[in-house]
Amino acid sequence: MLSRVVQQPLTSRWVMISSRAFATKKMTDPRTGLVFTEVTTMNAEEAKAVVAKADKAFQTWCRVPPKERIMAMSGLAEKLRARADEGAALMNKEMGKPISQGKAEVLKCAYLVDWYTKHGPAMLEDTPHAPLPGFKAAYVTYRPLGVILSVMPWNFPFWQVIRMAAPTMMAGNAVVLKHASNCFASALLIEDIVKSVPGIPDGLFGAAVVGAPLVAGILENPLVKGVALTGSEGAGKQVASHAGSLLKKAVVELGGSDAYAILEDADLDAAAAAVVTGRLLNTGQVCISPKRAIVVKSVKAEFERKVLEQVSKKTYGIDFGPMVDAGAKAEVTEQVDASIKAGAKLLVGGKNSPVPDGDSGKCFFAPTVLTDVKPGMAAFDLEIFGPVIAIIEAESEQHAIELSNQSEFGLGAAVFTRDLAKGERIAVHEMDAGMVFVNDFVRSDPSLPFGGVKSSGIGRECSVFGLREFVNIKTICIK
């Protein structure tokens, strides 16, 4: 690496130290609106060198038995825990995440490493099969592909990266990370943490500190064998299409407009708490947050009251913070205003809400609740990536299900009912999504596959499915 990041002990400011003079990226704190550091970026040749170094490390790593690879990777959990406060402080500066949520994010990454350390070896064991007639043996083995490009977003600067990289590396691959431009410092911090783990070859995980225009060139590099992207629908389609033209594997996790169906027999206290907690987490900037609360008409008024009670209990700096930047705030403001103009009713929040003390207001958008939202409105049709709860009235249980599925997205969904058998039936057979929870908000966990259908993406992360996304499922027959 020709550039690195360090922390100044007296100021707790992140600065870039570089052995060369090249382009820099100014990093702005969304709470203050002020630049807090500059990051030195790479050119195409330097990014190519990161890929070459990763491939060199891969050539050794892929020959290490899976169990030994995973044991070497297990030390990453301890390193992450040791630097959780550091990571949380940096995320707070980069994209506004409350400190407590940032620390929980890093600790969740450590938990993922622990989970794969325990369960991963068995998942990578050869799978025996009945031999063909005249053959002595047959089995399937799982061989790594090589260098995998990881294009990750800003909303979970650590979790999204480790969720993809840890199992991919345990499977024997190398990973080159292209992080969101406002999270370049997090990319370098994660690189430093991985590098500090004994047993992981130097360069097996590398950060390519480049802008979006250089992604295509990295993907076209013959040493790169696949790509994983988490981001917008537009970016996902572009990268997946380009990967397809190169006949390279692509896993893309894109947007969501998750619907929560609140049925007539639901526990409304639990439903309201789940919707508000899930929606305000990370200031609503979560692909699997409950963006549409679809409530059967007979309980809508009571549900609205309970939602407002829950919102009133949430605290700036703990439960939510500023949005990632002024552009994100402007987009959400436009979507909310358009929905109100089309007939939605504002119950709380909106653009005229007071700004919390200590916040410049440049990126702040208050927790907002809209009701009487209908198809055709922005709050129904689009993925509002901010702290906005849209309440939609359904005439019946079946109508609630129909409205839930009336979306181009299919990432997560939930149904709330006291009848667990009915809830399970609806979740399994009626809700068109990759993940459906009954009586709670959707969340990710390393033990369960994560991903969606329709315009929400292709492929899965986490569990055995994520571990095997970037492997050659190789058939072996012996005669």
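## Close-up views of a predicted model

Figure 1. The model shown here and in the following figures is predicted. Asp 29, by contrast, is buried, its relative accessible area being 1%. The two side chains meet in a salt bridge with an N to O distance of 3.6 Å. Lys 93 belongs to helix H3, whereas Asp 29 is located in the loop between strand E3 (24-28) and strand E4 (35-40); the pair thus links distant parts of the chain, 64 residues apart. A search of the whole structure finds 27 salt bridges, one of which is this pair.

Figure 2. Helix H2 comprises the 17 residues 66-82. At 1.5 Å a residue this helix should span 24 Å, and the 26 Å between its end C-alpha atoms agrees with that expectation. Its buried residues are Arg 69, Ile 70, Ala 72, Met 73, Ser 74, Leu 76, Ala 77 and Leu 80. These buried residues pack against five helices, namely H1 (44-61), H3 (84-95), H4 (99-123), H5 (159-170) and H6 (184-195).

Figure 3. Lys 291 is buried, with a relative accessible area of 3%. Glu 383 is also classed as buried, at 19%, because the limit for this class is under 20%.

Figure 4. The side chains of Lys 454 and Asp 432 form a salt bridge with an N to O distance of 3.6 Å. Lys 454 is in strand E20 (residues 453-454) and Asp 432 is in the loop between helix H14 (420-429) and strand E19 (435-438), so the pair ties together parts that are 22 residues apart in sequence. Both partners are partly exposed, Lys 454 with a relative accessible area of 36% and Asp 432 with 39%. A network of salt bridges with shared partners joins Asp 265, Glu 397, Lys 422, Arg 425 and Glu 430.

**Figure 5. An open, mixed sheet of 7 strands.** The strand order is E14-E15-E16-E13-E12-E18-E19. Strand E14 (345-350) and E19 each have a single partner strand, so one side of each of these edge strands is without a neighbour in the sheet. From one strand to the next, the twist averages 15°. Helix H9 lies across E12, E13, strand E15 (366-371), E16 and E18, and runs at about 140° to E16.

**Figure 6. Strand E18 and its partners E12 and E19.** Strand E12 (residues 259-262) pairs in the parallel sense with strand E18 (residues 412-416) over 4 bridges, and Tyr 260 stands opposite Ala 414. E18 and E19 likewise run parallel and are joined by 4 bridges; here Ala 414 has Phe 437 as its bridge partner. The β-α-β crossover from E18 through H14 to E19 is right-handed.

Methods: Residues numbered from 1 in each chain as written. Predicted model: local features only at pLDDT ≥ 70, side-chain atom pairs only at ≥ 80, totals over all residues. Heavy atoms only, no water. Helix = DSSP H or I, 4+ residues; strand = E, 2+ residues; numbered from the N terminus. Expected span 1.5 Å × (residues − 1). Buried < 20%, exposed > 50% of the residue type's maximum accessible area, 1.4 Å probe, protein only. Contact = heavy atoms within 4.5 Å. Salt bridge = Lys/Arg side-chain N within 4 Å of Asp/Glu carboxyl O. Pairing = 2+ DSSP bridges. Axes fitted to C-alpha atoms, helices over the stretch in contact; angles between N-to-C directions. Right-handed = clockwise from strand over helix to strand, strands pointing away.
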